[in-house]
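Please walk through this protein from its overall make-up to single residues. Keep the structure in view while you read.

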Amino acid sequence: WLGISPRRTTSSMLLAIGLSLAVSPVILYWTGLLAGFRSPSIAFALAAVSIAIGFLARMRPAATEFPSDSLFQNRRYSRIFAGLLVLLGLMILIPLVQVRTQAGLIPPGMSDWAKHQTISWLIETTGLPPRHLLYPPWQQQNFVYYYFFHILVAALRLMSGGSLSILAAFTVTTLAVCLDFVGLVALVARRLTGQERPALISALFVSLIGGLDLLPLLPKGALAVLSSGLSLRTLATLRLGTDCFAGSIPSPYAAYLWAPHHIGAGVALLAGLAVWQTVGGSRRLALLAPVLLFAVAGYSVYFAIPVFVALALYGLLESAAGRTDKTAMRRLLSWAAVAAATVLLALPYLRDLLTTVAAETSGIVLFISSNGLSWTDGAFFAEFLGDGWLTRLLDAPLHVVIDVGGLLIFGVVGWIAFWRRLGSGRAEWGTERRVALLLLFISGASLVVTTFFTSRGAVAQWSCNDLRMRGSLPLQIGLAVFA
């Protein structure tokens with residue numbers, strides 16, 4: 001229907017999986033609202049949409065068929081990439097293993113597993129929107145969360161007739177989302193640069209390569225050991241994690257383990273960018289865009305905030321860059337139509353988010369956060385000059401450099417090199433340049449939003465700064481593509 005060649009290549013399969021992971025939760029969400037979240041309605045809705053799209057593609061084919069090139073022509077790179085996905089899959093799978101012993105089952109070591117299991121079970125049990133079972137029947141409240149990832153887990157459970165455990169369904173969904181995310185980052189990089197080696201390096205930066213935030217933990221660990229006495233017990237019980245570092249920007253791999261639902265938002269964004277690179281400014285892409293944007297918000301509100309800010313700014317810039325007033329107005333109306341369609345499609349979901357029962361403890365506020373006030377936590381200026389908004393602002397760039405590490409350095413240098421190679425002439429304003437500029441906007445918005453705004457729970461010091469931890473992922477995507 002989009003006009004992309006159905007030839008089975010690595011890129012077409014990555015894109016097909018990505019679009020499926022983005023579109024399916026939207027279909028299932030509205031199915032749950034209108035017909036109930038049960039296996040017959042799920043099967044009917046997915047089959048009906050698939051048949052309808054196939055029928056439209058047959059009756060109204062795209063005017064142009066766009067080629068679907070292979071991600072890696074070089075066999076060596078192809079084997080390295082395949083090995084990378086296998087290794088990463090094992091690294092994701094091992095923490096999710098449930099061990100059976102004589103004393104009973106030992107649950108997965110991933111601490112957030114209880115949350116993921118609960119949300120998936122709530123959707124399976126109470127439907128959509130999920131109901132909060134901690135309230136009595138006469139005070140039923142919707143369970144407010146960004147739960148599109150968990151919709152897929154619950155749907156797999158229901159379609160299996162209950163034979164698939166929640167853990168198995170969660171593991172399958174996690175592997176599909178995370179591995180496709182790595183592949184889509186490589187695909188977008190491959191099409192932007194036109195080369196295979198940069199695409200492989202981009203995949204490495206969102207899989208095996210982390211930041212420099214392990215380094216500040218060394219003196220912190222040494223001080224803890226010296227103060228407690230050097231012993232085997234001290235070393236064995238020493239708990240240090242990069243999440244405790246003041247910057248709170250985890251690596252993508254940490255997100256694969258703790259928060260794969262936020263990675264799902266990245267898949268929806270990258271799938272949209274990959275389609276844009278393939279078909280250009282197609283009207284059919286404009287029809288698909290609201291679905292993809294709703295999927296971004298449904299997977300992760302924190303991820304969506306900087307992305308939506310960047311899209312709004314980019315839309316205004318593109319409209320203002322029109323050669324004539326008529327062109328500028330047409331572009332502005334197109335962007336406004338996509339935004340309005342997204343809001344209408346997501347209206348019930350947005351209503352639940354904005355009317356949450358815990359409104360006084362949710363949301364984001366203008367505040368520069370820091371997880372610690374010691375130099376070993378990364379608060380270098382606050383340690384020696386006193387805690388305040390100015391010292392926190394001075395510490396913020398250091399946090400980004402240390403947390404993001406080589407990805408920041410190589411990403412910035414790579415983006416500059418890409419722009420110089422592409423040229424700055426107005427006549428060359430094509431799709432690839434537009435995608436590169438949008439990625440810059442997304443990275444910049446992510447950096448600004450997560451620096452100057454903070455989750456309200458983190459300000460009250462009863463939860464982590466989720467906005468910083470998850471809203472920084474768009475920054476890492478934008479850097480990884482050019483790294």
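Contact here means heavy atoms within 4.5 Å. Among contacts in the protein between residues at least 6 apart in sequence, 75% join residues at least 24 apart. The model is a predicted one: local features need pLDDT of at least 70, side-chain atom pairs count only at pLDDT 80 or more, and totals for chains, interfaces and linings use all residues. Residues are numbered from 1 along each chain as its sequence is written, and side-chain values use heavy atoms, with hydrogens and water left out.

The protein has 22 helices and four strands. Both kinds of element are DSSP runs numbered from the N terminus: helices are H or I with at least four residues, strands are E with at least two. Of the 483 residues, 48% count as buried. Buried means under 20% relative accessible area, exposed means over 50%, and partly exposed lies in between (1.4 Å probe, protein chains only).

Start inside. In soluble globular proteins, nonpolar side chains tend to be buried together. A nonpolar core is a set of buried Ala, Val, Leu, Ile, Met, Phe, Trp, Tyr and Cys residues joined through side-chain atoms within 4.5 Å. The largest such core here holds 116 residues, and Phe37, Tyr147 and Phe181 touch the most other members. Helix H6 (residues 166-193) gives the most to this core, with 15 residues.

Take Tyr147 from that list. Beyond its neighbours within four places in sequence, Tyr147 is in contact with Tyr29, Ile119, Ile123, Leu128, Pro129, Pro130, Gly298 and Tyr349. Two of these contacts, Leu128 and Pro129, are joined by a cis peptide bond, with omega near -10°. Pro129 lies in the loop between helix H4 (113-126) and helix H5 (148-159).

Now follow the rings. Rings of Phe, Tyr and Trp (its six-membered ring) pair if their centres lie within 6.5 Å; planes under 30 degrees apart count as stacked, over 60 as edge-to-face and the rest as tilted. The whole structure has 21 aromatic pairs. One of them joins Tyr29 and Phe294 edge-to-face, at 5.7 Å centre to centre and 85° between the planes. This pair links distant parts of the chain: Tyr29 is in helix H1 and Phe294 in helix H12, 265 residues apart. Phe294 also pairs edge-to-face with Tyr349, at 5.7 Å centre to centre and 65° between the planes. Phe294 lies in H12 and Tyr349 in helix H15 (residues 347-354), so this pair ties together parts that are 55 residues apart in sequence. Tyr29 counts as buried because its relative accessibility is 1%. Phe294 is buried at 1%, and Tyr349 is buried at 1%. One aromatic cluster takes in Tyr29, Trp30, Tyr147, Phe148, Phe294, Tyr299 and Tyr349.

Stay with H15 for a moment. Asp352 lies in this helix. Is Asp352 buried or exposed? Asp352 counts as buried, because its relative accessibility is 11%. Not counting residues up to four places away in sequence, Asp352 touches Pro129, Asn142 and Val144. Asp352 and Phe143 are 209 residues apart in sequence, yet 8.6 Å apart in space, C-alpha to C-alpha.

Glu318 is buried, with a relative accessible area of 15%. Leaving aside neighbours within four places in sequence, Glu318 is in contact with Arg331, Trp335 and Arg434. Glu318 and Arg331 are 13 residues apart in sequence and 7.3 Å apart, C-alpha to C-alpha.

On a 1 Å grid over the protein atoms alone, a pocket is an open set of points where a 1.4 Å probe fits, with protein on both sides within 12 Å along at least five of seven lines; lining residues have an atom within 4 Å of a point. Volume is the space filled by probe spheres set on the points, which are joined across faces, edges and corners. The second largest pocket holds about 1,300 Å³ of space. Of its 38 lining residues, the closest to the centre are Trp1, Leu2, Leu19, Val23 and Ile53. Helix H1 (10-35), helix H2 (39-59) and helix H12 (283-299) each give two or more residues to the lining. H1 gives the most, with 14 residues.
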